[in-house]
Amino acid sequence: MTRANPGIDAASVDTLTDAVLTASRLLVAVSVRSIAAAEDNLTLPQFRLLVVLHTRGPLKHATLAEHLGVTPSTASRMVDKLVAGGLVDRRHSPVSRREIVLEITREGARIVRQVTTRRRKEIAKIVARMPEESRRGLVDALTAFAEAGGEPPAAEGSWG
């Protein structure tokens, strides 16, 4: 295991990893409930695709697949379903007519905002139940975690 910080031993990394895994189960559950309340037919991976397009803007197919960490063929199948549902548009790139650019539609953006609003409310309730001393440092730790994973910030007013 390569350590990014030589001052942190492997046991500490394992303990932190376990804590993040546990928290991620809760966050996935919150996300799934929020998506189900907004759109019965939308899967978590499809929602993630919408969020990527919403936060990063129009993308070429290969770039989208890279952001999602999937193969281009998997991304293509996901996009096909979302195009058919009116949540994503395909158009020719203004730079090269041979390239296709994918962009979230107004309806897709509405769903992202609706799901994110529900998630924000549910997460706020969970955070409010945390002891004050446990909340200290949480913003810095989660921000550093998201940055290390290449995730753009989801500040209030942004939707993702």
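**Before selecting**

This is a predicted model, in which local features need pLDDT of at least 70 and side-chain atom pairs count only at pLDDT 80 or more, while totals for chains, interfaces and linings use all residues. Residues are numbered from 1 along each chain as its sequence is written, and side-chain values use heavy atoms, with hydrogens and water left out.

**Stop 1: the whole chain**

Seven helices and three strands make up its secondary structure; helices (H or I, at least four residues) and strands (E, at least two) are DSSP runs, numbered from the N terminus. Followed along the sequence, these elements give the pattern α-α-β-α-α-β-β-α-α-α. Along the principal axes, the C-alpha atoms fill a box of roughly 55 × 35 × 25 Å.

Next, switch to a surface display. The accessible surface of the protein is about 10500 Å², and carbon and sulfur atoms hold 57% of that surface. These areas come from the Shrake-Rupley method with a 1.4 Å probe, and for residues only the protein chains shown count as cover. Of the 160 residues, 24% count as buried, where buried means under 20% relative accessible area, exposed over 50%, and partly exposed in between (1.4 Å probe, protein chains only).

Contacts (heavy atoms within 4.5 Å) can be considered at this stage as well. Among contacts in the protein with a separation of 6 or more, 55% are accounted for by residues 24 or more positions apart.

**Stop 2: the annotated domain**

Select residues 13–147. UniProt, in an unreviewed entry, places the feature "domain: HTH marR-type" on this range; UniProt positions are given in the numbering used here, feature names are shortened, and annotations may be inferred rather than shown by experiment. Over residues 13–147 the chain is 73% helix and 9% strand. The end C-alpha atoms of this range are 17 Å apart.

**Stop 3: charges and salt bridges**

Colour the charged side chains. The protein has 23 positive and 18 negative side chains, with the centres of the two sets 5 Å apart. Lys and Arg count as positive and Asp and Glu as negative, His and the chain ends not being counted; the place of a charge is taken as NZ of Lys, CZ of Arg, CG of Asp or CD of Glu. How many salt bridges does a search of the whole structure find? The search finds seven, a salt bridge being a side-chain nitrogen of Lys or Arg within 4 Å of a carboxyl oxygen of Asp or Glu.

Select R33 and E122, which form a salt bridge with their closest N and O atoms 2.2 Å apart. R33 lies in helix α1 (residues 10–38) and E122 in helix α5 (residues 106–129), so the pair ties together parts that are 89 residues apart in sequence. R33 is partly exposed at 43% relative accessible area, and E122 is partly exposed at 23%.

Move to R48 and E151, another salt bridge, with closest N and O atoms 2.7 Å apart. This pair links distant parts of the chain, 103 residues apart: R48 is in helix α2 (residues 44–56) and E151 is in the segment after α7 (138–148). The relative accessible area of R48 is 32%, partly exposed; E151, at 31%, is also partly exposed.

Then select R90 and D80, whose side chains meet in a salt bridge at 2.1 Å, N to O. R90 lies in strand β2 (residues 88–92) and D80 in helix α4 (residues 72–84), so this pair ties together parts that are 10 residues apart in sequence. R90 is partly exposed at 41%, as is D80 at 38%.

**Stop 4: buried residues**

Stay on helix α4 and select V79. Is V79 buried or exposed? V79 counts as buried, at 0% relative accessibility. Leaving aside residues up to four places away in sequence, V79 touches L49, L64, V88, R90 and L102.

Now select A65 in helix α3 (residues 61–68). A65 is buried, at 1% relative accessibility. With residues up to four places away again not counted, A65 touches V70, T71, P72 and A75.

Finish at G57, in the loop between α2 and β1 (59–60). G57 is buried, with a relative accessible area of 18%. A C-alpha to C-alpha distance of 11 Å separates G57 from A109, 52 residues apart in sequence.
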